[in-house]
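Below is a short note for someone meeting this model for the first time. Please read the points alongside the structure.

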Amino acid sequence: MKSRIAFSIVFVLVAATAFAADKTASPPDTQKPSVAPVLSEAQKSFTTMKSLAGEWEGPVTVADAPEMSGAKMHLSLRVTSRGNALVHEFQEAGTPLDATKYDHPVTMLYVDGDQLTLIHYCDAGNRPRMTGKMSPDGKTIEFELKDISGSTEYHMHHSVFTIIDANHHTEDWTFMMQDKPIHAHFDLQRKN
């Protein structure tokens, strides 16, 4: 008889414990759904820029220096640093990857606080830093000069990226040569 009473007490305790645990757990259908984080304007702009990752080629037009026009350029855009940076590398198409003999500027894009930031590691030996803003239609991101490390005699001053579609975008870069602006327009088609 004592064993039946002990068994009944154990059964009631186990059942009560299970019932109490079930009451504290939230049923799956009443849990709150996860909410996507709200992106800042800089983060939205950066996400748009990252959509350009890949290999691109196209001609350059330099109205201020026609002898520089017509060259076919190759652009590599690569997302790196766990998605926190975008590497932009230009070179003339068909030239070896040898930055000691050929122009090969590298530009890094990233979000710094509430700003989309671009640092251009220029073949002129300086590093202009620009901040960007996306147009209301989300197709253009324009970068304005913030400051420069190194010589200011020759430097990249301004850039505009315009997305035509997933396989076509243009870039407009303004280079300052002793306070004289030189504008270059790149019409780029996706290669992969």
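1. Strand 1 (residues 54-61) pairs with strand 2 in the antiparallel sense, over six bridges. Within this pair, W56 stands opposite L75 in strand 2. Strands pair here if DSSP finds at least two bridges between them; helices (H or I, at least four residues) and strands (E, at least two) are DSSP runs, numbered from the N terminus.

2. The model is predicted: local features need pLDDT of at least 70 and side-chain atom pairs count only at pLDDT 80 or more, while totals for chains, interfaces and linings use all residues. Residues are numbered from 1 along each chain as its sequence is written, and side-chain values use heavy atoms, with hydrogens and water left out.

3. Strand 2 (residues 72-80) also pairs with strand 3, antiparallel, over eight bridges. R78 stands opposite V87, and H74 opposite Q91. Four residues lie between the strands of this hairpin, where S81 takes a positive phi near 55 degrees.

4. Strand 3 runs antiparallel to strand 4, joined by four bridges; E89 has V106 in strand 4 as its bridge partner. Seven of the eight residues of strand 3 are buried, so the strand is largely enclosed by the rest of the structure. Buried means under 20% relative accessible area (1.4 Å probe, protein chains only).

5. In helix 2 (residues 41-50), the buried residues are A42, S45, F46, T48 and M49. They line one face of the helix, because they fall within an arc of 155 degrees seen down its axis (the arc is that of the directions from the helix axis to the C-beta atoms). Their cover includes strand 3 (85-92) and strand 4 (106-112), where contact means heavy atoms within 4.5 Å.

Methods:
Buried < 20%, exposed > 50% of the residue type's maximum accessible area, 1.4 Å probe, protein only.
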